[in-house]
Amino acid sequence: MSTVPEAGIFGGRFTPEKRRSILVGWLAGMLNTYDLFLPVLVLPTAMGYFEPPTLSPEVQVTLINIAFAISMVAQPIGGLVIGPIGDRIGRKRLVIVTSVGFTIGTFLLAIMPGYAAWGYAAIGIFLFLRLANGAFSAAGLGGSVPLALERTPKRWRGLVGGLLGVAPTTGVILLSAVQLILNSKLSPEAFTQWGWRIPFLVGVVLGIILLIFIARISELALFAGEAEQQDGDTITKNRPLKEVFATSNLKTFGQMFMLYSGYLFAVQAAVSFVPSLLINILHQPAQAVDSLMLYGNIGIVVFGVVLGALSQRVGRRRMLLFGGAWIFVVCTILYYLTIHAAGAKSGFAAVGILGFFMIILTIAPFSGMVLTYTAERYPFHTRTTGFSAISTLTSVIPGFYSFYLLGLGKVMPYQYTVMILTVVAGLLTWFGAKVGPETVDFEMLPQAEELLEMPSPTPAAESPMKIE
């Protein structure tokens, strides 16, 4: 017998516990992207702290790329090795384990001595901590998104999924803002010596905040025991990874792999490649491009939430089908017009306006729905494992987009190769949604009432009720 707050996770209104669950999912999504892009935005200026001064510029750039690549490799490691814990011992416990690991790892990175004190060992330890952090943050996302959506009333799931979907974009915005402030306040020498630690310490603070909120959330039961009967089927909760990749479930995995890969190809095109294309290839002013990316990311947040909420009425699958067609046709044209305007040297106003809509319309159709749809595609007992596998394994193929563009550059003008990424993103999204079911009415929790373990202390404002 356990005591749960009245109108708890099964009620139709937002209780404090539900709001905390949503905040945990949002913070975990923001931290995942914040951590992933730390090497890209921070290390180009600060890597000299960890390297001997005799290294050539080419080797320095290579080490920065290795630091980012390690973070990408760590994503599937965390998703496949740590992520299944969420289906065995609970979402809350998974988020606690990964948040503690991430916070400690980020703190160690923030206080690390450099090459002057530790020599080449400083580089090795730095890269190892980056690997551990990437694994923890990726697995934490796999636990926090299901945790939040499972506690969300169905009619609000689209809106909440939209908020969770744009959380990674807020991580990029936060990291860019921290970097912008530091660059404006510190000299290059001060940033190299100690200023680079501040973005890592911001990550530590966010990790502590995440731990505070997750500690005040009740854990779902149904995580104890080796197996359980439900509707005549054996739930192998102790082997969720095996079940996700079982032959009978490969169709679901293949469908979601296609759909999620389309999302990541779109992100790589709009967020990763466009700034370099505009600055380095099309010679647009760097400060103007930075402003474009900032406003574009803000637009993604706004429209992603709106489209997520709309998907609850229209249907997730239908919205994704429309989004795939939209990206394939409209966004490809917008890329062409943006690149043409930049090449024609008609001023940045035209480039900025076209680029703004190009960025928003490429990513917002995904951001508002893809996390929700992925979580809805997997049943309760394998949801964390399935979500983690899809969201991390799909990062590998799109992650090598720069090599694909180099190859395409041999057969077409390099500046237009990004249009091919957009076409691929649209096609993968459309076909992935086409072969999948509608999930908007999917029940994310089993039809059982004994789902809560002993919860955190009941707030005085909420009267308890007993569950036999």
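**Before you click**

This is a predicted model, so to speak of local features a pLDDT of at least 70 is needed, side-chain atom pairs count only at pLDDT 80 or more, and totals for chains, interfaces and linings use all residues. Residues are numbered from 1 along each chain as its sequence is written, and side-chain values use heavy atoms, with hydrogens and water left out.

**The whole chain**

Colour by secondary structure: the chain has 21 helices and 4 strands. Helices (H or I, at least four residues) and strands (E, at least two) are DSSP runs, numbered from the N terminus. Of the 468 residues, 55% count as buried; buried means under 20% relative accessible area, exposed over 50%, and partly exposed in between (1.4 Å probe, protein chains only).

**The cavities**

How many cavities of 30 Å³ or more does the structure hold? There are 5. A cavity here is a set of points, on a 1 Å grid over the protein atoms alone, where a 1.4 Å probe fits but cannot get out, and its lining residues have an atom within 4 Å of a point. Grid points are joined across faces, edges and corners, and a volume is the space filled by probe spheres set on the points.

Select Thr33, Leu36, Tyr263, Leu264 and Val267: of the 30 residues lining the largest cavity, these lie nearest its centre. That cavity holds about 520 Å³ of space. Helix H13 gives the most to its lining, with 7 residues, and the elements supplying at least two residues each include helix H1 (16-36), helix H9 (167-185) and helix H16 (348-367). The lining has 17 nonpolar residues, 13 polar and no charged.

Next, pick Ala28, Phe102 and Gly140, which are among the residues lining the second largest cavity. H1, helix H5 (91-110) and H7 each give two or more residues to that lining. About 90 Å³ of space lies inside this second cavity.

Go to valine 172 in helix H9. Its relative accessibility is 16%, so it counts as buried. Leaving out residues up to four places away in sequence, valine 172 touches Thr33, Phe37 and Asn297; contact means heavy atoms within 4.5 Å.

Now jump to phenylalanine 356, in helix H16. Is it buried or partly exposed? Phenylalanine 356 counts as partly exposed because its relative accessibility is 24%.

Last stop: histidine 283, in the loop between helix H13 (250-281) and helix H14 (286-314). Histidine 283 has a positive phi of about 55° although it is not a glycine. Most residues other than glycine have a negative phi. At 60% relative accessibility, histidine 283 counts as exposed.

How values were computed:
On a 1 Å grid over the protein atoms alone, a cavity is a set of points where a 1.4 Å probe fits but cannot get out, and a pocket is an open set with protein on both sides within 12 Å along at least five of seven lines; lining residues have an atom within 4 Å of a point. Ala, Val, Leu, Ile, Met, Phe, Trp, Tyr, Cys and Pro count as nonpolar, Asp, Glu, Lys and Arg as charged, and the others, Gly among them, as polar.
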